[in-house]
Amino acid sequence: MSTIITSSNGFKLRLATLADKDTIIQAYDNFPQPLVQTYQDALDKFSLGHYLNKGYNETAVKDNNAPLGRMEVLENSDEVIVSISILNYNRLAPKSYEASWTVVPVEHRGNKYNTAHLMVSGYYNFTVLDMDYVYWDLIQTDTQINNVDTHWKSKNGAVSTAEIAKTGVGTGASLKTQRILAAEYEAVRAAHSTWKSVTYTTS
């Protein structure tokens, strides 16, 4: 079991299930970078998430007992999946998580659902799980991703935000891993025109 997070502006964060298979595979099949090139690549992403979710244990994550992972989905108020992500816990450092393979289904792009996912997932991970920081893998060749990177960096000092270059990933895309502390996440959330007033319930 895993805590479900519902935001006051209508979003719900939960574990992915087998019933989400078609939506998730289609989203990864339209991944906006050449890291997913075939149907098998997309199926592999879903299979990985399903495997991780079967072994996911919130208590073990909180206690830093094991490097566990999860695939989570964000739904809008119509209960439609608008964002998907794979998270790995305590792998790079204790009380940390790595968010990777985040994708918004192609028909929902351009609606700020990536921001919504970052905010709701941030609440789950920093408040419910008491994580200290998150690592994000950002694709350096993508302008939109870099804009997200710049947005967070403009709020966070270079001293507290660590960046690690990764090259030769997948089909040659270059990744940059950015570390965001819990306090840095909170500073961005509290200053956001939409998300600063959003509240959350757990179930």
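Strands β4 and β5 form a hairpin, with six residues between the two strands. Asn 90, in the turn, has a positive phi of about 55°. The model is predicted. The protein has six helices and nine strands, and 47% of its 203 residues are buried.

- β4 covers residues 81–89 and pairs with β5 in the antiparallel sense, over five bridges.
- Strand β5 runs over residues 96–103, and six of its eight residues are buried, so the strand is largely enclosed by the rest of the structure.
- Lys 95 lies in the loop between β4 and β5.
- Although Lys 95 is not a glycine, its phi is positive, at about 55°.
- Lys 95 is partly exposed, with a relative accessible area of 22%.
- Trp 101 belongs to strand β5 and also has a positive phi, near 55°, in a residue other than glycine.
- With a relative accessibility of 25%, Trp 101 counts as partly exposed.

**Ser 83 in strand β4**

- Ser 83 is part of strand β4 and is buried, with a relative accessible area of 0%.
- The side chain of Ser 83 makes a polar contact with the side chain of His 117, at 2.5 Å.
- Not counting residues up to four places away in sequence, Ser 83 touches a set of residues that includes Glu 72, Val 73 and Leu 74.
- Thr 102, Val 103, Val 104, Pro 105, Tyr 113 and His 117 are also among the residues that Ser 83 touches beyond four places in sequence.

**Helix α1 and its surroundings**

- Helix α1 spans residues 21–29, and its buried residues are Ile 24, Ile 25, Ala 27 and Tyr 28.
- Viewed down the axis of α1, these buried residues fall within an arc of 160°, so they line one face of the helix.
- The buried residues of α1 pack against α2 (39–54), β3 (69–75), β4 and β5.
- Tyr 39 is found in helix α2.
- Leaving aside neighbours within four places in sequence, Tyr 39 is in contact with Ile 25 and Asp 29.
- Tyr 39 and Tyr 28 are 11 residues apart in sequence, and their C-alpha atoms are 8.6 Å apart in space.

**Helix α6**

- Helix α6 is made of residues 182–191, with Glu 184, Tyr 185, Val 188 and Arg 189 as its buried residues.
- These residues cover an arc of only 135° around the axis, which puts them on the same side of α6.
- The face turned away from the buried side of α6 carries the exposed residues Ala 183 and Ala 191.
- The side chains of Arg 189 and Glu 186 meet in a salt bridge, at 2.6 Å from N to O.
- Arg 189 and Glu 186 are three residues apart in helix α6, so about one helical turn separates them.
- Arg 189 is buried, with a relative accessible area of 14%, whereas Glu 186 is partly exposed, with a relative accessible area of 33%.

**Salt bridges**

- Salt bridges that share partners join Lys 12, Arg 14, Asp 20 and Glu 75 into one network.
- Within that network, Asp 20 forms a salt bridge with Arg 14, and the closest N and O atoms are 2.8 Å apart.
- Asp 20 counts as buried at 7% relative accessibility, and Arg 14 counts as buried at 13%.
- Glu 72 and Arg 70 meet through their side chains in a salt bridge of 3.0 Å, N to O.
- Both Glu 72 and Arg 70 are buried.
- The count for the structure comes to seven salt bridges.
- Side chains of opposite charge can pair when their charged atoms come close.

**The protein as a whole**

- Among the contacts with a separation of 6 or more, 65% are between residues 24 or more positions apart.
- The accessible surface of the protein comes to about 9,900 Å².
- Carbon and sulfur atoms account for 51% of that accessible surface.

Key. Residues are numbered from 1 along each chain as its sequence is written. This is a predicted model: local features need pLDDT of at least 70, side-chain atom pairs count only at pLDDT 80 or more; totals for chains, interfaces and linings use all residues. Side-chain values use heavy atoms; hydrogens and water are left out. Buried means under 20% relative accessible area, exposed over 50%, partly exposed in between (1.4 Å probe, protein chains only). Helices (H or I, at least four residues) and strands (E, at least two) are DSSP runs, numbered from the N terminus. Two strands pair if DSSP finds at least two bridges between them. The arc is that of the directions from the helix axis to the C-beta atoms. Contact means heavy atoms within 4.5 Å. Accessible areas come from the Shrake-Rupley method with a 1.4 Å probe; for residues, only the protein chains shown count as cover. A polar contact is a pair of N or O atoms within 3.5 Å; within protein, one must be able to donate a hydrogen and the other to accept it, and residues adjacent in sequence count only if both atoms are side-chain atoms. A salt bridge is a side-chain nitrogen of Lys or Arg within 4 Å of a carboxyl oxygen of Asp or Glu.
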